Amino acid sequence: MIKYTKAAAITPHNTTDRSIDTKYGTPIDAIYVGVGGDVNLQLSRDSSAVLFKNMIAGTIYPLSATYVLATNTTATNIVTLDSGSKYE
């Protein structure tokens, strides 16, 4: 089981990279969805966004993402999680 050492709230946005770890410039390791719904995000090795439908509230999703778009994202209270292992 991965132990996460960093967390930050996400504000979905269409023009700013809000999910990325701005200190180190690396993708996050997972997202936590507080209130369920759809999440439109770009994975770290993909050039386009993908819509994840009906993500379940209270769930950690191990997705390496660079940002979460506001368009089509209906889930709320989304938090990034990072293990910190890539900084050591």
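Reply:

**Ser83 and its surroundings**

Ser83 touches Ile2, Lys3, Tyr4, Thr5 and Asp29, leaving out residues up to four places away in sequence; contact here means heavy atoms within 4.5 Å. The model is a predicted one, in which local features need pLDDT of at least 70 and side-chain atom pairs count only at pLDDT 80 or more, while totals for chains, interfaces and linings use all residues. Residues are numbered from 1 along each chain as its sequence is written, and side-chain values use heavy atoms, with hydrogens and water left out.

Ser83 counts as buried because its relative accessibility is 16%. Buried means under 20% relative accessible area, exposed means over 50%, and partly exposed lies in between, with a 1.4 Å probe and protein chains only. In the protein chain, buried residues make up 33% of the 88 residues.

Strands (E, at least two residues) and helices (H or I, at least four) are DSSP runs, numbered from the N terminus. Strand 7 pairs with strand 2 (residues 30-35) in the antiparallel sense, over five bridges; two strands pair if DSSP finds at least two bridges between them. Within this pairing, Ile31 has Thr80 of strand 7 as its bridge partner. Strand 2 also pairs with strand 5 (residues 59-61), again antiparallel, over three bridges. There, Ile31 stands opposite Tyr61 of strand 5.

Other strands form an open sheet of three, in the order 4-3-6 and with antiparallel pairing. Its edge strands are strand 4 (50-55) and strand 6 (65-69), each of which pairs on one side only. From one strand to the next, the twist averages 35°; axes are lines fitted to C-alpha atoms, for helices over the stretch in contact, and angles run from 0 to 180 degrees between N-to-C directions. Strand 3 (residues 37-43) is joined to strand 6 by four bridges, and the two run antiparallel. One such detail is Leu43, whose bridge partner in strand 6 is Ala65.

Now the chain as a whole. The protein chain has seven strands and zero helices, giving the pattern β-β-β-β-β-β-β along the sequence. Of the contacts between residues at least 6 apart in sequence, 70% join residues at least 24 apart. The protein chain exposes about 5,200 Å², and carbon and sulfur atoms supply 54% of it; accessible areas come from the Shrake-Rupley method with a 1.4 Å probe, and for residues only the protein chains shown count as cover.
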